[in-house]
Amino acid sequence: MNRAACSPRLPAIASSLLLLVAACLTGAAGTAAEPAPWIKSARSGEWSAAATWEGGAVPAAGARVFVRAGHVVQYDVKSTDTIRAVHVAGTLTFAHDRDTQLNVGVLKIEAGEFPSEQGFDCDAHLLEMEDGAVRAALEVGTPDQPIPANHTALIRLAAVEGQDKQSCPAIVCCGGRMDFHGAPLSRTWLKLGATAGKGETHVTLDEPVTGWRVGDRVIVTATHLGRDIGQGTDRLQTEERTITAVDGARITLNEPLVNAHLGEGDFRGEVANLSRNVIVESASPEGERGHTMYHRGSAGSISYAEFRHLGKRNVLGRYSLHFHLVGNTMRGSSVIGTSIWDSHNRWLTIHGTNYLLVRDCVGYQSIGHGFFMEDGTEVYNILDRNLAVQSMEGKKLPKQVLPFDQNEGSGFWWANSFNTFTRNVACENNRYGYRFEATQTSALKMTLPVLQADGKIKETDIRTLPFVQFEDNEAHCDGLYGINLGEGVNRVGPDERHPFVMRNTKIWEIHYAFRVQSPSVLVENMQIHKSVYGVYHPNFDRHVYRNVTISQSDRNGDAEPFNRGHDDDSVQFGSLTVDGLTFVGHQNSSMPLIQLSDDNPTGTAETHMKNVSVLDRKDGNRRALINLGGGPRPNPKSPTSVPVILHDYYGSGRHAKVASMKSGEFKTDPSAYKSDPPLTGDESRVTEVRDVPFPELLKPIDDQPPATVITRVRRVGEAWQVSGVAEDNGQIQQLVVNGQPARSIRGNFAEWDVTLKSLPANAAIMAFATDAAGNVEQIPHTVHVAP
């Protein structure tokens, strides 16, 4: 595996997190009975076989079990007895030919010769294991041999007397390998293929599915904003049901639907399957919940598993699924097709971790943010085609790394944008669908140690880092914001050569659709539908929008489709260009479709638009296209305001310059302006201008190389099949594995594979990519396999 530096940041809280099992197992010392002696494996064999254990006693309730290095123990029982602790230094693998159940207080995967309920701090594993070394391993299925669909493997995390309730029960991997792999589903969630009406007992999916079974728990997501700001959860419209029949794309439900769910056109709800046959859960969801964690130097992946009723409420670091400060040491690991639901503390936390692939996962109902990147140093992670539903408001966590985060409930939350977000959907999250937040204070600087493309660590202002990719994402029915990009960054962001680039975004049935506070932003193909505010509270400064459609944004009669700079402050610091802006189906209102900004403190702010159209008018042609906004209408403080120039409005080369009647431009020569409704309103006027160029505000360059991850290696006969993922802010020209070009399975090598006929003597597989701009990946991904 790659030996680039691990997480560059070890915050003060790390030591307490690394000591979690020491605390977990020390707990209420002196108040509980002395733990039972360790039962140690004598050889490889079945858990249920007496000969597997020293002394010939099969572990029973209250036992402490040690699987020694070099031993492979198959867990082959279905028992409700609670094992106090299991320490795996060898391999514990779950049987594939039967249902299994393990109730356990603490399950740790860690090499070593001496089992202990003390010192489970993982400090000994800060150095990565040597390539090819045999790791301690927990195998609940493997990528090549998942648990078959006709069997279930269940781990229940149970509180045990004498263990610390703040930290236990838990599964923690300290430098070992931890794998959970259930039976695959063709899709874990997908769009509705037809509208499901109120009272109906079936839904039609966008495509037929395999792997969905009678008895599975599903959710049908909301397609109407059922509650206003501050209202309770009783008005949420996502519905849980159980499958009673599956016929291709038609799913029959156990109860009629209470709400209608849209399934036609561009704006449709989703159906997600929460059930898997590999399950980790808390034994007592109403009591002490469990949590799971990977530490640095660990390995393993998760696919088609279910993590439910986990996460410790209001406890830092005790999340349903947590990658904790692993840096680059788990490059190649992935979480695919996993269901994480009813969490009391996030769904998936990526903390100080790079290169993790998270795809096709479903997060449903969490306290606090759902898919969460914790400390602002995380880069090169890929979040692809995940569904985030109902992350609800929590509290700030004690000693959290970034104190500005209020934990208000965001489907996706991050402080460092240099990651990939593609094909994700957020629905009915408490406050945000997507939230980028990096607020600098006198006590906390946003300059942090961040991994660079050359493998070095560099102090970097994380507010200035753009996305690797942000494409094909969607938000609907979230409580307040669809996408909040940078509120709190204080107008600091990427430069014009490395802007935020957002493509093919849908935001609908939301109060504030798109709040964009960062400078240097390129938006292409954005659809905003049925939102009270479309583009809201914007920090227009080197913003470029292309092909934006805002439709039916009149939920309360006073919608503001295209807001002025910084909303009520009505100030614009930089320039904005819009090429292609379409308003569809708007009612009459005192609010214009486009609002003018009053103040131009830099004197350089400009707004230029072209190809602006208003379709399917519902206002009798009376609503102003451009005028002052509602609420406070401050008097301009600057000599000039920010007029809107509509290029070619009166014909080729004949532009309309619309200005506020309060502006210096108008007052200097009011006779040059005229009223021209519905272009102008009661406080705006227009004059024709010529010879005004349409400015080029951004000059994007591609000077960052791609990032490649090998996610799977399989032996097929005498050959090796290698597959993986890649990400880049431009076009990848070629991806090479051991000198052989890989095949792109999905656009731009987002998924790829290659077949190698042989391996070199050191059994190394190395992959790297080159993009169309000539940038060559400087940190290839190398893995070693057993020949």
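This is a predicted model: local features need pLDDT of at least 70, side-chain atom pairs count only at pLDDT 80 or more; totals for chains, interfaces and linings use all residues.

**Stop one: the core.** Start with Phe180, Phe514, Tyr545 and Phe562, the residues with the most contacts inside the largest nonpolar core, which has 142 residues. Now click on Tyr545 and show what it touches. Skipping neighbours within four places in sequence, you'll find contacts with Phe514, Val516, Val523, Val535, Phe540, Phe562, Leu576, Thr577, Val578 and Asp579. There is also a second, separate core of 18 residues; Ile765, Ala767, Ala769 and Val785 are among them.

**Stop two: a sheet.** Next, select β55 (residues 732-737) and β59 (residues 764-771), which pair in the antiparallel sense over five bridges. Zoom in on Gln734 and you'll see Thr770 of β59 standing opposite. Then bring in the rest: this is an open sheet of four strands, ordered β56-β55-β59-β60, with antiparallel pairing. Which strands stand at the edges? They are β56 (740-741) and β60 (781-784); each has a single partner strand, so one side of each has no neighbour in the sheet.

**Stop three: the cysteines.** Searching the whole structure for disulfides turns up zero. Pick Cys361: its nearest cysteine sulfur belongs to Cys427, 17 Å away, and Cys361 is in no disulfide. Cys361 counts as buried because its relative accessibility is 1%. Now try Cys477, where the nearest cysteine sulfur is again that of Cys427, here 5.0 Å away, and there is no disulfide for Cys477. With 3% relative accessibility, Cys477 counts as buried too.

Key. Residues are numbered from 1 along each chain as its sequence is written. Side-chain values use heavy atoms; hydrogens and water are left out. A disulfide is a pair of cysteine sulfur atoms within 2.5 Å. Buried means under 20% relative accessible area, exposed over 50%, partly exposed in between (1.4 Å probe, protein chains only). Two strands pair if DSSP finds at least two bridges between them. Helices (H or I, at least four residues) and strands (E, at least two) are DSSP runs, numbered from the N terminus. A nonpolar core is a set of buried Ala, Val, Leu, Ile, Met, Phe, Trp, Tyr and Cys residues joined through side-chain atoms within 4.5 Å. Contact means heavy atoms within 4.5 Å.
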